[in-house]
Amino acid sequence: MHLIKKYLMAITGLFLSFFLIVHLSANFLLLLPHEIAPNLYNSYSNALRTNPVIEVVSIFLYLAIILHTVIAINLTLRNKRKTETPYHQNKILETSSWPSQNMGLLGLMILIFIIVHMANFWAKVKLGIEGPMPTDINGHSDIYMLVVTSLKDPILVTFYAVMSIPLAMHLSHGVSSAFRSLGVYHKRYMRYIEILSKIYSVVMGLGFGLIPLYIFFFSKVS
Ligand code: HEM
């Protein structure tokens, strides 16, 4: 059972990490010049939202977030019980990095981020909690304007920028650890995987941290 949980944790984690690559790429459109960014961002977001395949993938995404969280809580509590002896405590401190010892805390911070983030954007776009979305000149839901006006708020933009740090830390340990859980132990492959997951986590952290700051300082609300 423990092994199945570890596999599920790794597979859901890698799936979520892949989602982040797609999500960051889409959000890079926000950095384009004001003349073209709204149209491109809205067309892309609306095309995705009305695609039935993406609808199905989204359901897997929500399930992956829930499953990853539930198993993480379960494994964290289990490891806590196992490592409460002073011997284990010392062994852990000697052999592992701060992110690897605090994956639960970092994951909790990301979960809080995702809840706030989805309440701000997803609930308004998908659930229409504030009524029907305003549309742009092409008749697409104006998600660009929602994102830009929201991120002009100094508190929200600070929250986004700060939260990109635990995100990067969580990913830097999580991605390589997922490959290990799936059975990749070979020293040479693990070295490459560790380097790639460090690069990946830095790109994700910088991307998700700097895009909101760019919007706050430079994007026009018209
Ligand atoms: C630059 C920062 C970000 C921006 C501007 C942004 C923007 C958005 C927008 C506009 C949506 C709603 C899209 C729609 O439903 O059509 C969305 C959904 C979502 N975002 Fe983000 N996002 C950012 C960072 C993140 C990060 C760092 C995470 C995860 C740690 C994340 C996770 C999600 C999830 C899980 C959804 C729901 C996706 C779905 O329903 O298919 N986002 N984001």
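Modeller: A term to begin with: buried means under 20% relative accessible area, exposed over 50%, and partly exposed in between. This is a predicted model.

Colleague: Is histidine 117 buried or exposed?

Modeller: The cut-off for buried is under 20%. Histidine 117 has a relative accessible area of 18%, so histidine 117 is buried.

Colleague: And which class does histidine 23 fall into?

Modeller: Its relative accessibility is 26%. The class between 20% and 50% applies. Histidine 23 therefore counts as partly exposed.

Colleague: Which protein atoms are donors of the iron atom of the ligand?

Modeller: Two histidines supply them, at 1.9 to 2.0 Å from the iron. The donors are His23 (NE2) and His117 (NE2).

Colleague: How many residues apart in sequence are the parts that this pair ties together?

Modeller: Histidine 23 lies in helix H1, residues 2–27. Histidine 117 lies in helix H6, residues 103–125. The pair therefore ties together parts whose separation in sequence is 94 residues.

Colleague: What is the geometry of the iron site?

Modeller: The iron atom of the ligand has six donor atoms, with angles of 87 to 178° among them. Ideal angles for six octahedral donors are 90 or 180 degrees. The site is octahedral.

Colleague: Which element gives the largest share of the shell around the ligand?

Modeller: The shell holds 25 residues, with His23, Arg49, Tyr62, His117 and Trp122 the closest. By class, 19 are nonpolar, four polar and two charged. The largest share, seven residues, comes from H6.

Colleague: How far is a polar side-chain atom of tyrosine 62 from an oxygen atom of the ligand?

Modeller: Serine 58 also has a side-chain N or O atom by a ligand oxygen, at 3.1 Å. The cut-off for a polar contact is 3.5 Å. For tyrosine 62, the distance is 2.5 Å.

Colleague: How are the rings of phenylalanine 113 and tyrosine 160 arranged?

Modeller: The structure holds nine aromatic pairs. In this one, the ring centres are 5.0 Å apart and the planes are at 80°. Planes over 60 degrees apart meet the criterion, so the pair is edge-to-face.

Colleague: Where in the chain are these two residues?

Modeller: Both are buried. They are 47 residues apart and link distant parts of the chain. Phenylalanine 113 is in helix H6 and tyrosine 160 in helix H8 (residues 154–181).

Colleague: Which residues do ring pairs link into a cluster?

Modeller: Phenylalanine 113 and tyrosine 160 both belong to the cluster.

How values were computed:
Residues numbered from 1 in each chain as written. Predicted model: local features only at pLDDT ≥ 70, side-chain atom pairs only at ≥ 80, totals over all residues. Heavy atoms only, no water. Donors = N, O, S within 2.8 Å, 3.2 Å for Na, K, Ca; no water. Tetrahedral: all angles 85-135°; square planar, octahedral: opposite > 155°, others 65-115°. Helix = DSSP H or I, 4+ residues; strand = E, 2+ residues; numbered from the N terminus. Buried < 20%, exposed > 50% of the residue type's maximum accessible area, 1.4 Å probe, protein only. Near = heavy atom within 4 Å. Polar contact = N/O pair within 3.5 Å; in protein donor to acceptor, adjacent residues only side chain to side chain. Nonpolar A, V, L, I, M, F, W, Y, C, P; charged D, E, K, R; others polar. Phe/Tyr/Trp six-rings, centres within 6.5 Å; stacked < 30°, edge-to-face > 60°.
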